[in-house]
Amino acid sequence: MDYSQKSPAAIAEALGQRLKQARLNRDLTQIEVAERAGVSRKAVLNAEKGKAQLEVLVAILQALDLTTQLDSFLPPQPPSPIQLAKLQGKQRQRASGQRGKGHGGEEGEDKDTQEEPEW
């Protein structure tokens, strides 16, 4: 199914129908799923209509033992090279705050103030 031309409501409704079919395939009632998920029966009913909060949806997926498919649904997203470069730049800026404190090889630096590694 091509979701690029569908409205968010239509996609949510299709996901709700899939959720309902998964429940029926496991021969579970809405009440049984609700009890397993720790939500109300109305929350399950709304999810099957495509109108559920994300946390409720995840609880229902857990109750139906469908969480293993979440990585297929929305794979983990690595940071983009641009975001990674920005993040590294911020890290470098924080590290550079120590410049000139014991790293410049200044004359008269007390040897006792240098830390020795404990290994």
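**Ground rules.** I worked with a predicted model, taking local features at pLDDT of at least 70 and side-chain atom pairs at pLDDT 80 or more, while totals for chains, interfaces and linings use all residues. I numbered residues from 1 along each chain as its sequence is written, and side-chain values use heavy atoms, with hydrogens and water left out.

**Fold.** I found six helices and zero strands (DSSP runs: H or I of at least four residues for helices, E of at least two for strands, numbered from the N terminus). Of the 119 residues, 18% count as buried (under 20% relative accessible area, with exposed over 50% and partly exposed in between; 1.4 Å probe, protein chains only).

**Largest pocket.** Next I looked up the largest pocket, with a volume of about 720 Å³. A pocket here is an open set of points on a 1 Å grid where a 1.4 Å probe fits, with protein on both sides within 12 Å along at least five of seven lines; lining residues have an atom within 4 Å of a point. Its volume is the space filled by probe spheres set on the points. Of the 25 lining residues, Leu15, Leu19, Leu57, Leu61 and Phe73 are the closest to the centre. Helix 1 gives the largest share of the lining, nine residues.

**Leu15.** I then followed Leu15, which lies in helix 1 (residues 8–25). Leu15 counts as partly exposed because its relative accessibility is 33%. With Phe73 and Leu74, Leu15 forms a nonpolar surface patch of about 320 Å² accessible area together (Shrake-Rupley, 1.4 Å probe; members have over 30% relative accessible area and no salt bridge, and nonpolar side chains are joined within 5 Å; a salt bridge is a Lys or Arg side-chain nitrogen within 4 Å of an Asp or Glu carboxyl oxygen).

Definitions and conventions. Patch = residues over 30% accessible without salt bridge, like charges linked within 9 Å, V, L, I, M, F, W, Y side chains within 5 Å.
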